[in-house]
Amino acid sequence: MSQLSSDLPAFPMQKAKGCPLDPPPEYAELRTERPVAKARLWDGKEVWLITGYDEIRSIFTDPRISVDNTQPGYPWLSEQAKTVVLTGGVTPVGRMDPPEHTAMRRMLGQGFLVKKIQGMRGELEALVNGLIDDIMAGPRPVDLVAALAMPVPATALGWILGVPPADQRLISLVPRLFDEDSGLDGAMAARAELFKYMEDLITLKESDPGDDIISTLVGYHRQGELSRPSVLIQSVTLVAAALDTTRSMITNGILALLQHPEQAAALIANPDLAPAAVEELLRYTVVTEFASKRVAAADIEIAGETIKAGDGIICLISAGNRDEKVFTDPDTLDIRRSPRQHLGFGAGIHTCIGKQLARMELEVVYGTLFRRIPGLRLAVPFDEVVFRNTFDVQGAKALPVTW
Ligand code: HEM
């Protein structure tokens with residue numbers, strides 16, 4: 001992809017005005033005409049955009065595709081993302097290829113066993129009900145990002161990591177880590193704070209292990225299967241991967257339901273629809289638009305194009321999730337359709353390790369919130385809701401609601 005062709009479209013593309021939950025209109029055009037197409041990045045580099053559902057799945061499951069972000073062709077979306085994400089020589093799970101990745105997933109998987117996650121459900125329901133009690137007792141309007149979407153994933157992740165219950169620091173770190181208002185200096189300071197926080201937690205688990213993922217990783221380190229720096233990086237990665245995504249998905253899902261009151265009404269009338277609503281909202285309001293970046297490790301023929309070894313690739317999940325070949329009437333939000341095959345958690349070996357936890361959080365939040373406050377509505381016009389667009393995750397900055 002070295003030769004310069006000035007006619008390539010610039011990437012990222014803009015969303016249509018007033019449609020923050022929809023993918024940019026160009027995606028549909030690309031998907032129909034060229035589901036594998038070149039575009040140009042901010043730094044002048046070319047990148048392959050994958051917009052067709054089948055083509056995205058094919059890239060996700062192709063062993064000739066790498067996630068190694070130290071390759072020269074890896075598609076960075078900004079200098080800031082590169083600076084904040086690169087971890088100084090120790091590879092996080094999301095950037096490992098097999099066989100290193102296979103071993104790391106096996107170790108991390110211990111913290112995400114289905115039985116373990118399901119066992120947290122009662123505690124999660126109590127947490128969400130408690131937060132909603134506070135919301136209902138407090139002044140209106142209330143910002144649901146601060147009151148609900150931030151504390152739920154941070155607290156639930158704390159249970160997985162084995163964070164002592166009184167320790168609330170993760171919750172306050174999230175906005176500083178991920179919000180564009182903090183700027184590069186603010187984000188780097190928050191990142192240093194997160195590393196220190198996690199180092200302290202690991203030290204605690206070394207002397208007082210529990211039934212949690214950090215203690216498990218410490219155990220693998222003691223057996224010689226994992227380096228000490230890797231214990232730190234994998235723990236930090238879980239925070240980076242879990243919190244901004246889940247808080248944004250909680251917020252965007254609520255916003256989509258408020259924008260489509262007939263869908264919210266269906267959920268209120270039939271709470272059993274909550275699991276299907278989660279899947280449909282993951283399909284319809286993707287928050288990890290640019291998360292799935294790759295580099296080709298060999299020449300690959302796909303959809304009539306040749307992706308050359310070393311070329312950068314971005315799988316546009318939100319485009320795949322609106323592919324009419326797979327989803328009937330894809331631009332319509334319909335919480336009864338239960339589209340389990342959506343790409344909201346990726347696919348293949350890098351599929352989201354926290355997806356069972358995230359699904360449970362979303363189900364409990366959407367279900368409980370609309371059951372307990374059926375009159376919930378936005379306190380500002382829809383087009384005044386401001387979105388963040390930092391790094392790989394998109395979500396509303398604040399969600400002022402009333403009832
Ligand atoms: C609604 C919330 C979430 C969404 C939408 C989401 C989405 C995703 C997606 C799309 C990927 C694949 C990225 C790729 O293909 O390159 C991914 C990977 C990952 N996610 Fe999530 N995620 C969520 C919540 C979580 C949670 C709660 C955790 C942990 C507690 C987590 C941990 C991870 C990790 C560690 C990876 C990398 C896995 C690997 O490379 O093997 N995520 N997530």
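By class, the shell around the ligand comprises 15 nonpolar, ten polar and two charged residues. Here Ala, Val, Leu, Ile, Met, Phe, Trp, Tyr, Cys and Pro count as nonpolar, Asp, Glu, Lys and Arg as charged, and the others, Gly among them, as polar. The model is predicted: local features need pLDDT of at least 70, side-chain atom pairs count only at pLDDT 80 or more, and totals for chains, interfaces and linings use all residues. Residues are numbered from 1 along each chain as its sequence is written, and side-chain values use heavy atoms, with hydrogens and water left out.

In total, 27 residues surround the ligand. The closest are His101, Arg105, Arg294, His350 and Cys352. A residue is near a molecule or strand if one of its heavy atoms lies within 4 Å of it. For His350 the distance is 2.6 Å. For Arg294 it is 2.8 Å. For Ser292 it is 3.2 Å. A polar contact is a pair of N or O atoms within 3.5 Å; within protein, one must be able to donate a hydrogen and the other to accept it, and residues adjacent in sequence count only if both atoms are side-chain atoms. The elements that give two or more residues to the shell are α4 (100–109) and α12 (228–259). Helix α12 gives the most, with six residues. Helices (H or I, at least four residues) and strands (E, at least two) are DSSP runs, numbered from the N terminus.

Helix α12 also packs against α8 (residues 151–161). Two packed helices are described by the angle between their axes and the distance between the axes. For α8 and α12, the angle is about 150° and the axes are 9 Å apart. Axes are lines fitted to C-alpha atoms, for helices over the stretch in contact, and angles run from 0 to 180 degrees between N-to-C directions. The crossing of α8 past α12 is right-handed. A crossing is left-handed if the near helix is turned anticlockwise from the far one by less than a right angle, and right-handed if clockwise. From α8, the contact draws on Val152, Pro153, Ala154, Leu157 and Leu161. From α12, it draws on Leu238, Val239, Ala242, Leu243, Thr246, Arg247 and Ile250. Contact means heavy atoms within 4.5 Å. By class, this contact has ten nonpolar, one polar and one charged residues.

An open sheet of five strands has the order β1-β2-β8-β5-β3, with mixed pairing. Two strands pair if DSSP finds at least two bridges between them. Strands β1 (36–40) and β3 (65–66) stand at the edges with a single partner strand each, so one side of each is left without a neighbour in the sheet. Strands β5 (residues 293–296) and β8 (residues 312–315) run antiparallel and are joined by three bridges. Within this pair, Val295 stands opposite Gly312 of β8. Helix α2 (residues 53–60) packs on the sheet and touches β1, β2 (46–50), β3, β5 and β8. The direction of α2 makes about 125° with that of β8.

An open sheet of three strands has the order β4-β12-β9, with antiparallel pairing. Its edges are β4 (142–143) and β9 (377–378), each with a single partner strand, so one side of each lacks a neighbour in the sheet. Two bridges pair β9 with β12 (residues 400–402) in the antiparallel sense. Leu378 has Val401 of β12 as its bridge partner.

Backbone geometry was also examined. Most residues other than glycine have a negative phi, and most peptide bonds are trans. A cis peptide bond joins Pro98 and Pro99, with omega about 5°. Pro99 sits in the loop between α3 (79–85) and α4. A cis peptide bond also joins Arg140 and Pro141, with omega about -5°. Pro141 belongs to the loop between α6 (121–137) and β4. Asp329 is not a glycine, yet has a positive phi of about 50°. Ser338, also not a glycine, has a positive phi of about 50°. Asp329 lies in the loop between α15 (317–320) and α16 (355–372), and Ser338 is found in the loop between α15 and α16.
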